[in-house]
Amino acid sequence: MELKEKQRKILDVAVELFKEKGYMGSSVRDLATKLNIKAASLYAHIRSKEEILEWICFGIAQEFFDELQNVKSTNISPKEKLNLFIDKHLSVVLKNRDVTHIYSNEWKHLEDRLTEFVELRKNYQQEVENLISEIYQAENWELKSPAFTTRFILHTLNNSYFWFKRNTESTTEITDEIRDKILFGLLGDHKK
């Protein structure tokens with residue numbers, strides 16, 4: 001999805017607005033006010049408020065998929081792949097804190113493309129689940145609930161933006177802590 005310059009500006013301001021007031025609490029008029037233009041002028045650049053939510057949700061979902069494909073295409077051990085996946089997913093979250101917040105909390109307000117988005121999320125979850133299952137199969141370990149484990153990891157990663165302060169130069173310590181907790185929880189004494 002390639003946005004024009006004006007659409008990019010609208011998106012940036014909408015992200016601030018949706019984070020502040022929530023998607024349902026925000027109106028096109030609020031957005032126009034923040035952009036210092038008339039609401040009718042916005043419709044030259046967007047179809048609807050929902051289209052902006054689509055840009056947000058599908059845009060970051062594509063970033064997650066791209067990073068996952070990069071991880072899957074590496075020729076490293078399954079444990080190293082999971083470690084790399086955690087790093088890559090966290091990097092997308094941290095680069096897009098407010099977008100991730102909206103993606104995680106507001107996606108259910110999509111109407112026209114809700115079914116498509118739910119399917120996209122399921123596909124992503126399934127690919128991550130396959131990655132996790134690969135580790136257990138490679139190590140001959142029993143994985144009692146691959147779906148639960150995957151949902152737990154994704155929920156932890158997607159909501160990790162709460163733990164990072166915006167003015168922190170380095171996020172390495174917290175990233176390492178999250179990665180270690182996830183890997184220890186998954187792999188226990190077998191982590192190393």
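A salt bridge here is a side-chain nitrogen of Lys or Arg within 4 Å of a carboxyl oxygen of Asp or Glu. The model is predicted, so local features need pLDDT of at least 70 and side-chain atom pairs count only at pLDDT 80 or more, while totals for chains, interfaces and linings use all residues. Residues are numbered from 1 along each chain as its sequence is written, and side-chain values use heavy atoms, without hydrogens and water.

Q: Why is the pair D98 and K19 called a salt bridge?
A: The closest N and O atoms of D98 and K19 are 4.0 Å apart. The rule asks for a Lys or Arg nitrogen within 4 Å of an Asp or Glu carboxyl oxygen, so the pair counts.

Q: How many salt bridges does the rule find across the interface of domain 1 and domain 2?
A: One. Four residue pairs in polar contact are also found there, both residues at pLDDT 80 or more. A polar contact is a pair of N or O atoms within 3.5 Å; within protein, one must be able to donate a hydrogen and the other to accept it, and residues adjacent in sequence count only if both atoms are side-chain atoms.

Q: Which elements supply the side of domain 1 that touches domain 2?
A: α1 (5-21) and α2 (28-35) each give at least two residues. The largest share, seven residues, is from α1. Helices are DSSP runs of H or I, at least four residues; strands are runs of E, at least two; numbering starts at the N terminus.

Q: What makes residues of that side nonpolar, polar or charged?
A: Ala, Val, Leu, Ile, Met, Phe, Trp, Tyr, Cys and Pro count as nonpolar, Asp, Glu, Lys and Arg as charged, and the others, Gly among them, as polar. By that scheme the side of domain 1 has 13 nonpolar, five polar and one charged.

Q: Where do the two domains lie in the chain?
A: Domain 1 is 1-46 and domain 2 is 48-187. The bounds come from an automatic or database domain assignment. Their C-alpha centres are 27 Å apart. The contact (heavy atoms within 4.5 Å) takes 19 residues from domain 1 and 16 residues from domain 2.

Q: What area do domain 1 and domain 2 bury between them?
A: About 1600 Å², with 78% of it on carbon and sulfur atoms. Buried area is the accessible area (1.4 Å probe) lost on putting two parts together, summed over both.

Q: How many helices and strands does the protein have?
A: Nine helices and zero strands.
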